[in-house]
Amino acid sequence: SITLHTLQLDGLRQPDGSGTLWTQGTLTELVRVLGLTPEMTTLSLAWCALSDDFAEPISALLGGGKPVRPPNLTSLSLANNDLDATAGQAILLALETNERLVHLDVSGQPRLATRAVWGPELGRVISAQKLLSAGLASLRVTVH
């Protein structure tokens, strides 16, 4: 049998770039399967045109949802999607509470970057040093 540790599903968007190829159900199923696959520790969903419509499964990927078993992810990339306030709150919560997450990339979120609350809230989490106590070694956030 083959054991995967890394799954990279980048760029799953419509050929014309208008939206994602993911559905709520397929992303929720991925979260469920990852919860049953503890050896899978790295997941990338960059450039998938994910939006706040996917906030619930994204929250579950970050350890804040209610899957059968939370994923054992230590590295997650949600870079260059279209996340907004709801997903942003899930990300902030994960930064404060997820003890397994070591690397998180949420860069390239233009809608999130325009939210007035995102910067101060992220700053609050960082200044409280909860990132370090939770074990996070790498956080990538860029504003475009």
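This is a predicted model: local features need pLDDT of at least 70, side-chain atom pairs count only at pLDDT 80 or more; totals for chains, interfaces and linings use all residues.

Me: Okay, what makes strand 2 and strand 3 a pair, then?
Reply: Three bridges join strand 2 (residues 42-44) to strand 3 (residues 75-77), and the cut-off is at least two, so they pair. The two strands run parallel. For one of the partners, look at T42: its bridge partner in strand 3 is S75.

Me: How does the whole sheet go together, and in which order do the strands come?
Reply: The five strands line up as 1-2-3-4-5, with parallel pairing, in an open sheet. Strand 1 (6-8) and strand 5 (138-140) are at the edges because each has a single partner strand, which leaves one side of each without a neighbour in the sheet. Direction ignored, neighbouring strands of this sheet are turned by 0° against each other on average.

Me: What about S77, buried or exposed?
Reply: Buried: S77 has 13% relative accessibility, and the limit is under 20%. S77 belongs to strand 3. With neighbours within four places in sequence left out, S77 contacts L43, S44, L45, A46 and D105. Across the protein chain, buried residues make up 41% of the 144 residues.

Me: Which residues have the most contacts inside the largest nonpolar core?
Reply: L45, L50, L62, L76 and L104, in a core of 33 residues. Helix 1 (24-35), helix 2 (55-61), helix 3 (85-97) and helix 5 (118-127) each give at least two residues to this core. The largest share, six residues, comes from helix 3. As for L76, it touches L43, L61, L62, L101, H103, L104 and D105, again not counting residues up to four places away in sequence.

Me: How do you know whether helix 3 is roughly parallel or roughly antiparallel to helix 5?
Reply: They pack at an angle of about 10°, with axes 10 Å apart. Angles under 35 degrees count as roughly parallel, so helix 3 is roughly parallel to helix 5. On the helix 3 side the contact uses G88, I91, L92, L95 and E96, and on the helix 5 side W118, E121, L122, R124 and V125. By class, that contact has six nonpolar, one polar and three charged residues.

Me: Last one: what share of contacts in the protein chain join residues at least 24 apart?
Reply: Taking contacts between residues at least 6 apart in sequence, 82% join residues at least 24 apart.

Note on methods: Residues are numbered from 1 along each chain as its sequence is written. Side-chain values use heavy atoms; hydrogens and water are left out. Helices (H or I, at least four residues) and strands (E, at least two) are DSSP runs, numbered from the N terminus. Axes are lines fitted to C-alpha atoms, for helices over the stretch in contact, and angles run from 0 to 180 degrees between N-to-C directions. A nonpolar core is a set of buried Ala, Val, Leu, Ile, Met, Phe, Trp, Tyr and Cys residues joined through side-chain atoms within 4.5 Å. Buried means under 20% relative accessible area, exposed over 50%, partly exposed in between (1.4 Å probe, protein chains only). Contact means heavy atoms within 4.5 Å. Angles under 35 degrees count as roughly parallel, over 145 as roughly antiparallel, 65 to 115 as roughly perpendicular and the rest as oblique. Ala, Val, Leu, Ile, Met, Phe, Trp, Tyr, Cys and Pro count as nonpolar, Asp, Glu, Lys and Arg as charged, and the others, Gly among them, as polar.
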